[in-house]
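Please examine the sequence and the structure before reading on.

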Amino acid sequence: MGKIGIGWTALGDGFDLKWSKFVEVFIQKNGYVKVLEGLRNTLTIAICGLVIGILIGTLIATVRVLPKYKRLPRVLNGFCSFYVGLFRGTPMVVQLLVFYYVLLPLLGIRMSGVQVSVMVFGLNSGAYISEIMRSGIQSVDPGQLEAGRAVGLGFAPAMMKIVIPQAVKNILPTLGNEFIALIKETSVVSFVGAADLYVAFSYIGSNSYEFMVPYLVMAVIYIVLVMMISLLVKIMERSLKKSDRRN
């Protein structure tokens, strides 16, 4: 028992030393500035990527549920299928590297690492959300669309005003999961020079020569973000269920 007690004491002292080094760099060497910048970039990339993904995904899902009687819908459907297959079939980090180091330089376009990350995250998310949205649209009773068409609405207005709002209700939890996935995937944006949470805590670790505490704190921040998003989605679900009961 004595040896075990001594071991725990040594372990506690070692952690206290690591923690003091972390606090020193975090406060005295302005490590918190890096963390705040990384948190801001992480949220910016994830939120903007989700918004772009929802817009692209809704458009693709609408095209893919169009009747295929004419040539144009078939051509558009083929293009959308290729787009979805391309972005779902390659890793996010590969997409970032290809856009940042290959495509944009070839086109002569200069963008910051954060801007490129927002664009790639949005394009990638759009491919996944298109399948989510398509399943949501197909879960809505077809009679809803027919009723809209019967009162004089065109296909697009009927989809935007009647079908898609109901589809969003059905897929809200899945959209929350997509947002959580985007938050976690931002850890790869350092490959294109974007300063995210990983870069911030790596900076603290490099300056304190101790990586255990910085990476533990980083993990806690990611967990808190995920819990907050999950809570927000649950609140939105409850709100939508209340509106359904009133109807």
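In this predicted model, helix α2 touches helix α8 through G31, K34, V35, G38, L39 and T42. The partners on the α8 side are L197, A200, F201, Y203 and I204. Sorted by class, the residues of this contact comprise seven nonpolar, three polar and one charged. Helix α2 covers residues 31-64 and helix α8 covers residues 197-208. Their axes come within 7 Å and cross at roughly 165°. Angles over 145 degrees count as roughly antiparallel, and α2 and α8 are therefore roughly antiparallel to each other. The crossing of these two helices is left-handed.

| Helix pair | Axes come within | Crossing angle |
|---|---|---|
| α2 and α8 | 7 Å | roughly 165° |
| α5 and α7 | 8 Å | roughly 140° |
| α6 and α7 | 9 Å | roughly 145° |

Consider next the pairing of α5 (residues 113-139) with α7 (residues 155-185), whose axes cross at roughly 140°. That angle makes α5 oblique to α7. The crossing is right-handed. On the α5 side, the contact is formed by F121, S125, Y128, I129, I132, M133, G136, I137 and S139. These meet a set of α7 residues that includes M159, V163, I164, A167, V168 and N170, and also I171, T174, L175, E178, L182 and E185. By class, the contact holds 14 nonpolar, five polar and two charged residues.

Where does α5 bend? The bend lies at A127 and amounts to about 25°.

The remaining pairing joins α7 to helix α6, which spans residues 142-150. The crossing of α6 and α7 is right-handed. From α6, the residues Q144, L145, G148 and R149 take part, and they meet F155, A158, M159, I162, V163 and Q166 in α7. This contact divides into six nonpolar, three polar and one charged residues.

How values were computed:
Residues are numbered from 1 along each chain as its sequence is written. This is a predicted model: local features need pLDDT of at least 70, side-chain atom pairs count only at pLDDT 80 or more; totals for chains, interfaces and linings use all residues. Side-chain values use heavy atoms; hydrogens and water are left out. Axes are lines fitted to C-alpha atoms, for helices over the stretch in contact, and angles run from 0 to 180 degrees between N-to-C directions. Helices (H or I, at least four residues) and strands (E, at least two) are DSSP runs, numbered from the N terminus. Angles under 35 degrees count as roughly parallel, over 145 as roughly antiparallel, 65 to 115 as roughly perpendicular and the rest as oblique. A crossing is left-handed if the near helix is turned anticlockwise from the far one by less than a right angle, and right-handed if clockwise. Contact means heavy atoms within 4.5 Å. Ala, Val, Leu, Ile, Met, Phe, Trp, Tyr, Cys and Pro count as nonpolar, Asp, Glu, Lys and Arg as charged, and the others, Gly among them, as polar. The bend at a residue is the angle between axes fitted to the seven residues ending there and the seven starting there.
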